[in-house]
Amino acid sequence: MAQRTAVIGVGQTYHKAKREDVSIAGLVREAAVRALEDAQMDWSDIDAVVIGKAPDMFEGVVMPELYLAPALGAVGKPMIRVHTAGSVGGSTALVAAHLVSSGTHERVLTVAFEKQSDSDAMWALSIPQPFSAPLLAGAGGYFAPIIRAYMRRSGAPDHIGILVAVKDRKQALKNPYAHLHIEDISFEMVRDSIMLWDPVRYLETCPSSDGAAAMVLASESVADSASASYPPAWIHGMAMRSEPTMFAGRDQVNPRAARECAADVYDQAGITEPRREIDVAEVYVPFSWYEPMWLESLGFAAEGEGWKLTDSGATALDGGDIPWNCSGGVLSTNPIGASGMLRFLEAAMQVRGQAGDHQVETVRRALGQAYGGGSQFFAMWVLGADKP
Amino acid sequence: MAAAGGGRPVRPVAVVSFAQSKMMRREELRNDVEVLQPVIVDVFEKIGLSKDDMGFVCSGSCDYLVGAPFSFVQALDAVGAWPPMRESHVEMDGAFALYEAWTQLQEDDIDTALVFSFGRSSISELGRVLTLQLDPYYMAPLWPDPVALAALQARALIDAGTYGEADFAEVAARSRRDARNNPNAQVTGDKTAQELLGDDYVVAPLRRHALPPITDGATAIILAAGDRARDLCERPAWITGMDHRIETHALGARDLTISPTTRRAAVGAGLLPGGGEGSGTGGVSDDGVSVDVAELHAPFAPQELILRDALGLGDAVVVNPSGGALAANGVMVAGLVRIGEAASRIMDATAQTALAHATSGPCLQQNLVCALAAEPAGGRR
Amino acid sequence: MYGGVSEPVTMLATPIRIEYEFTAGLAQSRYLKGIAEGRFLGQRCPKCEKVYVPPRGSCPTDGVPTTDEVVLGNNGIVTTYCVVNVPFQGQSIEIPYICAQILLDGANIAFMGLIQEIPTAEIRMGMRVEAVWVDKKELGPTMASVKYFRPSGEPDAAYETFSEYL
Amino acid sequence: MFYFPAMAESEVLRSPHVIEYTYTRSTGPVIGAFLTGLRDGTILGATSPSGRVVVPPTEYDPITSEEVGELVEVGPAGVVTTWAWASVPQKDQPLDRPFAWALVQLDGADTAMLHVVDAPGPDAMRSGMRVTARWRPAAERIGHMLDIECFVAEGSG
């Protein structure tokens, strides 16, 4: 049987387009030190370190965990480096969680980061390959046709994406760590922003950020006796699923891997009605239209109905019954390797009641989700205030 | 019931199938997926399973080695990840992917896992790719190649008076001789150590024979838990413990002549008694690992000597009967192959107990030790 | 130092250049040889019988080698698309332009292609398009041999005929 | 020959491929101070709570990970702790003639630093030998490890 596992410390950096005040090690330490302080622990308390990031081309450091081991208190300890594309921050947290739930370790530090300003994110994500078709569309051009397919399929009106973009940026104003703080964000501002990959507008896309996230995960006995600043957030369910990038008949709008990952994590957590039983969700939405799409794949709405939830304001921190991305989400902060972990971490903050101005009142259960690749890698967890 | 803080299992898990490509200097025709695919087919055929029987899939590879970001994504095509799979990837040698799979198998919800790794070292400037593993501010800008760093370690060993160039040549000569019995090995030969000492220096004190070859290849292992392992395999190679540890990256803050993390990992894997974090100062040790066979991932000949001492291996232990990394050194692959080779000695009944070691980083920075046996370690079920 | 003023160093530039010798592999080499002959070659999975283009030598769902070669049509359907209006490094076409998922006749998978010879406002899902190749003497084993796709003039395909490829 | 028996080696397509980028690395305070020192002709180490003087300095102790404190001047001379002879310099390496890689423990430092030693040949090298930094001309120094062009045997100029 899996051992009970909890988050007992979280930390993140102040995210910016360019964190020119720190080295790579300085960036990851900023998040890790905050997580240790939150857990009221020291480097020496940690049994193992699990680190994740997206491709090594971002920083031009191959397997940077080797260089970062002494920066993260890992000397003499086990250290693992995870890489599962955009979902990596989430998968990294899950690999770390399994080190505890399997009974291997009691206290695991997990860290995810990206220092995108060391190079250029667009370049690093799609380095031209010999024999392949010339680069046509850039990062957003991969997802824009899928978004168009969703619009066609669901009949969603054009303004839904704009609503999400405004909502998440407004929520980011309540999160001091968020990269984008657009004080005067408005429907008109998003609507009138340049159409980059029609139907996706500039302000409907995520920024490129430098940043890191870290958590301390602990066994039941450690969590019970922890002197951390906030109560533990217990893992009620966790799952990963992958499917191929492309294959004949693949549903790219609502991938089966996403649905099955959600079904697995809900089954573990005993959730049958996600909208009613989950109080808050942090979901990987790098393009605004992914909110209605993931509302459907995560079972918060029936197929084709996700946009109606968004349209009704149900997903807003202010007045919604199922607030999504109170932190401002990926649309406001996107250090790619860390973005998934930020979702998992923000879910923990909500459960522990430490989210400050973007805290949802009385959170018993929260969902964290990350995805990556061509909507093919999924990682999710459900956290709860009570022991599972 | 968990063995907290250590690498000893609660639930018995075993290697039940192992496959590898013929390791070669250069795969002329096939790309990574095409090298990997037949290996995946082979590892399943050996025990009559398919990808649909796998509870978990975990792989190891390196984007810079392939020359493309997200290179592991296409590799998944060689498996056929449909219906969707519980799957993960480490940017590490496949041995660490196996560690991840092994920890997940400690929980009862899955019984099987596929682990694989691949790498074609021939297509890149391998030395320069490995240089990029170094501190990007202080070390990488000097472009030291991995041979140079291993040579610094070798010199430190010579200066310590423990070993000399003749010992390095002896390791290489034995590895090449043993590799003649390994159909997948790349470098074989029957030259004596004396003859090998006629090789030129590449970076002194390392001569050509003390270096690993550049290798293209892929490998895969299937793990199974408890009764499932017994059903699938006549003699499963039970993992009785596994642990890995990393050292500081600052070469100038390490004693390069010893491998304390290898010893620490062997303690964690249950191969040596506990006895404090500070133990394992190398040299002759009273506490030696007692196994029939050890497969050590020592890309450079002097490193085998360091590892032997760290583990306290006596003369009775057969070391690297496969020829080791000096006979074939697929980057990202060679560590997982060590586990596969060690497990094979159990599965083919030439050994009752075995140790496999994998390393990563400059000068044996990170070390993994996997303990294997014909019987599970007093496990339940 | 420099005229008596010396700002602290806060940035380090590290140029990194790694050279590779790339091998296309067997499946992709076959495909590009077809391109050099002015035709699209797909491969069929022996298990699920789906036809893949460009082929990668392996069926992504069955994990088995794709063996049979299939000559595909020069025409196909735009299943979905976007209009690219953002400049980025490595871009070779003047913005705005249409980037579409194209399902070639005879294939079971769409791939990304450039659409030209049509105003961006007139592109639509289901439009029939055809490949436009470079001059015969310029044909080579490279995707640059396909200049772009353009409307073929055939009637649009019904949504139901391609909706499973979205 | 796995999939297409008719496919000959000569038919498989090959192409050169390059991954190239000039990374711009913000240094943070500690690395920045060290590189500034190099540019200005001094070598700095960091004092860690464990008492070690770490050279080159990182924001953290290389063993205990504790945050380092005060920066102190070390070197410019020190001792070779180990070395290796590169008879054929590789692309981008610090010197274009045969040289020694070395770990150099500078006077006042508790850790050794990777650099190169310009020596006439391997016979001129030994562990324990004293070496000193040979600086690039001040006008050419930019805040980079190679502001120290190399180390040379102490007293050899």
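**A strand and its neighbours**

A: Happy to! Keep in mind that this is a predicted model. In chain B, strand β8 and strand β12 (residues 366–373) run antiparallel to each other and pair over 8 bridges. Within that pairing, B:I239 has B:L372 of β12(B) as its bridge partner.

β8(B) also pairs with strand β1 (residues 13–20) of chain B, again in the antiparallel sense, through 3 bridges. Here B:W238 of β8(B) has B:A14 opposite.

How enclosed is the strand by the rest of the structure? Strand β8 spans residues 237–246 of chain B, and 10 of its 10 residues are buried, so the rest of the structure largely encloses it.

The largest nonpolar core has 351 residues, and B:L372 is listed with A:F300, A:W381, B:Y64 and C:F40 as touching the most other members. Helix α14 (residues 336–352) of chain A is the top contributor to this core, giving 10 residues. There is also a second, separate core of 38 residues, with B:V35, B:L36, B:L76 and B:F116 among them.

Finally, let's follow the chain onward from the strand. The loop between β8 and α10 (260–268) of chain B holds B:R254. This arginine has 12% relative accessibility and therefore counts as buried, the cut-off being under 20%. The side chain of B:R254 comes to 3.4 Å from the backbone oxygen of B:P362. Leaving aside residues up to four places away in sequence, B:R254 touches B:P362, B:C363, B:L364 and B:Q365, along with B:Q153, B:E247 and B:T248.

Key
Residues are numbered from 1 along each chain as its sequence is written. Chains are lettered from A and ligands numbered from 1 in the order in which they are written. This is a predicted model: local features need pLDDT of at least 70, side-chain atom pairs count only at pLDDT 80 or more; totals for chains, interfaces and linings use all residues. Side-chain values use heavy atoms; hydrogens and water are left out. Buried means under 20% relative accessible area, exposed over 50%, partly exposed in between (1.4 Å probe, protein chains only). Helices (H or I, at least four residues) and strands (E, at least two) are DSSP runs, numbered from the N terminus. Two strands pair if DSSP finds at least two bridges between them. A nonpolar core is a set of buried Ala, Val, Leu, Ile, Met, Phe, Trp, Tyr and Cys residues joined through side-chain atoms within 4.5 Å. A polar contact is a pair of N or O atoms within 3.5 Å; within protein, one must be able to donate a hydrogen and the other to accept it, and residues adjacent in sequence count only if both atoms are side-chain atoms. Contact means heavy atoms within 4.5 Å.
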